[in-house]
Amino acid sequence: VRGDDNSTITRTIQIPHSGDQIRFFTETENIPDSTLVVARFDLGGEIARQLRGAAMGYDRDLPRPARDPDDIRATFDHEKLGLNERTAPAILWSSHFTDEGSGLVLYDRGLLGRDRGNDFIDIHLMNAQAAYRNKQNRLLSGSGRQDFAYALSVTDAESPAEFARAARAYNMQPIETGQLAPGFSMSDTMVIERLSRSGDELEILAQNVSESEERLEISIPWPHERASIKGSSKLEDGSLDHVRDSDGVRTYLIDVAQQDAFILRLHGLADVGEPTLPTDWSDYVPSEKLDTLNFRDRSLVGHPPED
């Protein structure tokens with residue numbers, strides 16, 4: 001689409017050979033100031049249920065259970081805080097269902113805004129604003145070329161763990177189960193939030209994305225001496241015994257509470273050493289930009305002045 005002001009919006013649709021996602025790539029160029037660009041998806045019926053990804057879990061928007069009196073959303077003005085029944089942030093994914101049971105799952109790469117109509121969902125791509133507090137700001141403007149990526153799948157089942165795992169596969173494929181190593185597997189309601197190595201230890205930050213208590217099973221193919229668990233609201237911190245050891249693949253059972261997050265740490269792996277932490281920009285930035293990056297004016301704190 002090309003506007004009279006020389007602005008352009010191009011959307012490409014990709015249908016992979018495998019999987020159930022339809023992927024979208026939108027490219028904008030020279031969008032005028034004060035223009036809102038959204039991607040709209042029509043469900044064909046009134047939206048009755050809605051989930052959205054949140055930090056370490058998900059939030060249920062529709063139907064929303066009664067809030068505790070101490071909940072900030074129940075005791076303060078929604079509009080003042082930017083919290084309302086129509087617009088809400090989503091992290092990586094959201095799902096939307098009609099009364100008839102049909103639904104869409106929307107995935108994104110860094111597009112947090114969702115806006116709900118009676119029978120449609122908008123993903124916010126851009127709200128072009130050329131200035132911030134009366135100062136030019138290309139980050140918020142629609143000038144130049146900008147790219148946005150998002151995807152959808154069709155579903156008739158409410159499965160937040162499946163949605164969360166698909167969203168991570170869409171954003172960061174190595175973390176998705178089955179792609180880490182042959183023999184690696186985990187329960188359907190388990191989601192890996194982070195996986196990191198340091199020295200002879202491997203740390204897995206995981207969560208039970210379920211509204212009920214579960215006994216999670218995880219099988220790990222990397223040779224290690226022992227395992228421990230930390231942070232679970234149901235299990236005490238300490239050692240964790242494996243229940244099976246077959247051809248170097250150890251299997252653990254972990255009893256967890258609903259939406260419980262925990263750290264599983266493997267000890268005694270092959271040592272990978274300590275990472276080297278960068279302490280300056282010189283290895284990453286052209287020399288002519290170093291002075292600007294290293295400049296500090298400690299009198300400039302908070303928002304820039306409006307004048």
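The model holds 3 cavities of 30 Å³ or more by the rule used here. That rule works on a 1 Å grid over the protein atoms alone: a cavity is a set of points where a 1.4 Å probe fits but cannot get out, while a pocket is an open set with protein on both sides within 12 Å along at least five of seven lines. Lining residues have an atom within 4 Å of a point. Grid points are joined across faces, edges and corners, and a volume is the space filled by probe spheres set on the points.

This is a predicted model, in which local features need pLDDT of at least 70, side-chain atom pairs count only at pLDDT 80 or more, and totals for chains, interfaces and linings use all residues. Residues are numbered from 1 along each chain as its sequence is written, and side-chain values use heavy atoms, with hydrogens and water left out.

**Overall make-up**

The protein has 4 helices and 22 strands. These are DSSP runs numbered from the N terminus: helices are H or I with at least four residues, strands are E with at least two. Of the 307 residues, 38% are buried. Buried means under 20% relative accessible area, exposed over 50%, and partly exposed in between (1.4 Å probe, protein chains only). Among contacts with a separation of 6 or more, 66% join residues 24 or more positions apart. A contact here means heavy atoms within 4.5 Å.

**Cavity and pockets**

The second largest cavity has about 60 Å³ of space. Its lining includes Gly53, Ala54, Tyr58, Trp93, Ala164, Arg168 and Glu193. β4 (47–54), β5 (57–62) and α3 (160–171) each give two or more residues to this lining.

The largest pocket is lined by 15 residues. Gly19, Asp20, Gln21, Arg23 and Ala166 lie nearest its centre. β13 (145–155) and α3 each supply at least two lining residues. α3 gives the most, with 5.

The second largest pocket draws at least two lining residues each from β10 (120–127) and β13. Here β10 gives the most, with 4 residues. Among the lining residues are Leu36, His124, Met126, Leu139, Gln146 and Phe148.

The table sets out volumes and residue classes. Ala, Val, Leu, Ile, Met, Phe, Trp, Tyr, Cys and Pro count as nonpolar, Asp, Glu, Lys and Arg as charged, and the others, Gly among them, as polar.

| Space | Volume | Lining by class |
|---|---|---|
| Second largest cavity | about 60 Å³ | 7 nonpolar, 3 polar, 2 charged residues |
| Largest pocket | about 260 Å³ | 7 nonpolar, 5 polar, 3 charged residues |
| Second largest pocket | about 180 Å³ | 7 nonpolar, 4 polar, no charged residues |

**Helix α3**

α3 has 12 residues. From first C-alpha to last it reaches 16 Å, close to the 16 Å expected at 1.5 Å a residue. The expected span is 1.5 Å times one less than the number of residues. The helix is mostly covered, with 9 of its 12 residues buried. Ala164 and Arg168 are among the buried residues of α3, and both also line the second largest cavity. Phe163, Arg165 and Tyr170 are buried too.

**Strand pairing**

Two strands pair if DSSP finds at least two bridges between them. β15 (residues 190–198) and β16 (residues 201–208) run antiparallel, joined by 8 bridges. Arg194 has Leu205 in β16 as its bridge partner. The hairpin has 2 residues between its strands, and Gly199 takes a positive phi near 60°.

β20 meets β21 (residues 249–256) over 3 bridges in the antiparallel sense. There, Asp245 has Arg250 in β21 as its bridge partner.

Most residues other than glycine have a negative phi. Ser34 is not a glycine, yet its phi is positive, about 65°. Ser34 sits in the loop between β2 (22–29) and β3 (36–42). Ser34 is exposed, at 56% relative accessible area.

Arg133 also has a positive phi, near 50°. Arg133 lies in the loop between β11 (131–132) and β12 (135–136). With 31% relative accessibility, Arg133 counts as partly exposed.
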